[in-house]
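This report concerns a protein structure and selected features of its architecture. The sequence and the coordinates are displayed first.

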Amino acid sequence: MKKIIGKLTLSPSLDYFVKTGVAFGKAKSIVQFYYYIQIFIAYLHVRNVVMFYDRSGFSPIWPTSWTQNFSYMSVVTFIHLFYIIAVVLGAIFYKYKGARGLAFLGILQFHALQSSFGQPYHQMYPVLFTSFLFIFLPDVFKAVKVSNIDTKKFLLVFWGAQAYLLLIYSMSGVLKLLSGDFGPEAFALQVANWLPMIQEKPLLGNLPINYPYFFWPFYLGIIYFQTFAIWAAFRPQLQKIWGLALLSFHFGTLLFMAIVFPENVLLLALFFLNSPFQQSGRARDMLYSFPLFGWLGKRIFA
Amino acid sequence: MVDWFSYQKSLTAGEKEVLEYKILRFLITSFLVTYFLAGLYVFRFEGGEKYPFFSWNLFTEAPREKTEFILRIQRYGDVVFEEPIDHKEAFKRGLIRGFETPLVFHLRVQDLGRSIKAGNRDRMSFYRMLVEDGFKEQPVEYEILSIYYHTLEYFRSGRIQNQDSLGVFTSK
């Protein structure tokens, strides 16, 4: 256990990435785009405002507890407008901590409104928490010359947001492992259990039910990539592969189960396909850093 | 507290920056560890979550057999159904409003069924109110049933192995 925890450090270290200078430039661009896509995410949500008009069972959770003295429709109107203004200002003034804080507040209020009908809206959690972490970015966007320590702070916060995104997949993967339901028919049973509840007909919904054994290795593969996702935070050479694997997972769940996680897809693509920490290197070294199989391969072949 | 301020004052600008970095590193690490531990903790709550923490317990179950609750509408406003329709069919026919998706309505029916089965009157009244609020016309006479089925067979043919009525209700 001590050995495993000892390996949970970024390798190479942040100092290495500070020295090369490339990572900082990339991370800054990604943060900038992160705030731009918040406008798009807000647009996608606000266009569905009509769904709030006659929704049953509004029971405010703690971030929206202030709404109790106001009429339901004025709360819906205010929070939607505040959300739009907050993310637009966040996108324009993302270089300033105050604007990033305001964007977080807008996202928090909107997400809390979405989650005040008896069930939290899971898809927005990654947006909520990454926007929270980005408040801690040092205000270095406008500086002509940035000190090494400020660069390191910036990369640290950025890494924290990446690690959070990977952590949630690991948590999901670990719980799948602990459930013990990953036999040959597990995926077929999941699909058969899920589709009648949502009453949708996804493009490839019947395939895992008709050919469970064919899909089993893919299902096990996804559990592997989910469970060890957090490992990619510490071994950046794996980030692109993990990003692609988790994106494939989302496309798979969309095609087979009609499950939509658009915010996750945006964030995975943005944070991992061109990760600031990704390095070019020998494919063999990259494969050796895969958890379990890489370690095993290294023992046998190296 | 005083010691902390005097300690900070004694530091050079460079040392202060290093200290700030270490504090930030501690905060980020604490955030990640707390989120992970809180996720494990809230796993025990209904749905595996307590806002804003979530265990990410999604699609972990692959049940071969399943017991769930259905709501079967017998009378909807002035219309009497000779063959009662279940809540999924009712959603399809546009008889339910105020629920974002069929899944959300289905989950509320499960909540109602669970509360009836547990004999929890307060929760039952709450979930009855939520569910009945979703009917576009009133009054609605409906039955809550507990059904048991084999997952794959139910998916392919809709065949139910067993069913138990938990009661017939009329919305106001």
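The paragraphs below treat aromatic pairs, strands and helix packing in turn. The structure is a predicted model, and the values given here are computed from it.

**Aromatic pairs**

A pair of aromatic rings is described by the distance of the centres and the angle of the planes. Over all chains, a search of the whole structure finds 66 aromatic pairs. One of them joins Tyr125(A) and Trp56(B): the ring centres are 6.2 Å apart and the planes stand at 70°, so the pair is edge-to-face, the cut-off for that class being over 60 degrees. This pair crosses between chains, with Tyr125(A) in helix 7 (residues 125-134) of chain A and Trp56(B) in the loop between strand 2 (53-54) and strand 3 (65-76) of chain B. Tyr125(A) and Trp56(B) are both buried.

A second example is formed by Tyr224(A) and Trp242(A), whose ring centres lie 6.1 Å apart with planes at 45°, so the pair is tilted. Tyr224(A) belongs to helix 11 (residues 212-227) of chain A and Trp242(A) to helix 13 (residues 239-257) of chain A, so the contact ties together parts that are 18 residues apart in sequence. Both Tyr224(A) and Trp242(A) are buried.

A ring in chain B also meets a charge. The charged end of Lys50(B) sits over the ring of Phe45(B), at 5.1 Å from the ring centre.

**The surroundings of Tyr125(A)**

Helix 7 of chain A, which contains Tyr125(A), is mostly covered, with 9 of its 10 residues buried. Among the buried residues of this helix are Tyr125(A), Pro126(A), Phe129(A) and Phe134(A).

**Strands of chain B**

Strand 3 of chain B has 9 of its 12 residues buried, so this strand is largely enclosed by the rest of the structure. Strand 5 of chain B is likewise mostly covered, as 8 of its 11 residues are buried. The pairings of these strands are listed in the table.

| Strands of chain B | Sense | Bridges |
|---|---|---|
| Strand 3 and strand 5 (residues 140-150) | antiparallel | 11 bridges |
| Strand 3 and strand 4 (residues 79-86) | antiparallel | 4 bridges |
| Strand 5 and strand 6 (residues 162-170) | antiparallel | 8 bridges |

Thr67(B) stands opposite Tyr148(B) in strand 5 of chain B, and Glu65(B) has His150(B) of strand 5 as its bridge partner. Towards strand 4 of chain B, Arg75(B) stands opposite Val80(B). In strand 6 of chain B, Ser165(B) is the bridge partner of Leu145(B).

Strand 3 and strand 4 of chain B form a hairpin with 2 residues between them, and Gly77(B) in the turn has a positive phi of about 65°.

**Helix packing in chain A**

Two packed helices are described by the angle between their axes and the distance between the axes. Helix 8 (residues 148-179) and helix 14 (residues 262-272) of chain A pack at an angle of about 135°, their axes being 11 Å apart. That angle makes helix 8 of chain A oblique to helix 14 of chain A. Helix 8 of chain A passes helix 14 of chain A in a left-handed crossing.

Terms used:
Residues are numbered from 1 along each chain as its sequence is written. Chains are lettered from A and ligands numbered from 1 in the order in which they are written. This is a predicted model: local features need pLDDT of at least 70, side-chain atom pairs count only at pLDDT 80 or more; totals for chains, interfaces and linings use all residues. Side-chain values use heavy atoms; hydrogens and water are left out. Rings of Phe, Tyr and Trp (its six-membered ring) pair if their centres lie within 6.5 Å; planes under 30 degrees apart count as stacked, over 60 as edge-to-face and the rest as tilted. Buried means under 20% relative accessible area, exposed over 50%, partly exposed in between (1.4 Å probe, protein chains only). A charge sits over a ring if NZ of Lys or CZ of Arg is within 6 Å of the ring centre and within 35 degrees of the ring normal. Two strands pair if DSSP finds at least two bridges between them. Axes are lines fitted to C-alpha atoms, for helices over the stretch in contact, and angles run from 0 to 180 degrees between N-to-C directions. Angles under 35 degrees count as roughly parallel, over 145 as roughly antiparallel, 65 to 115 as roughly perpendicular and the rest as oblique. A crossing is left-handed if the near helix is turned anticlockwise from the far one by less than a right angle, and right-handed if clockwise.
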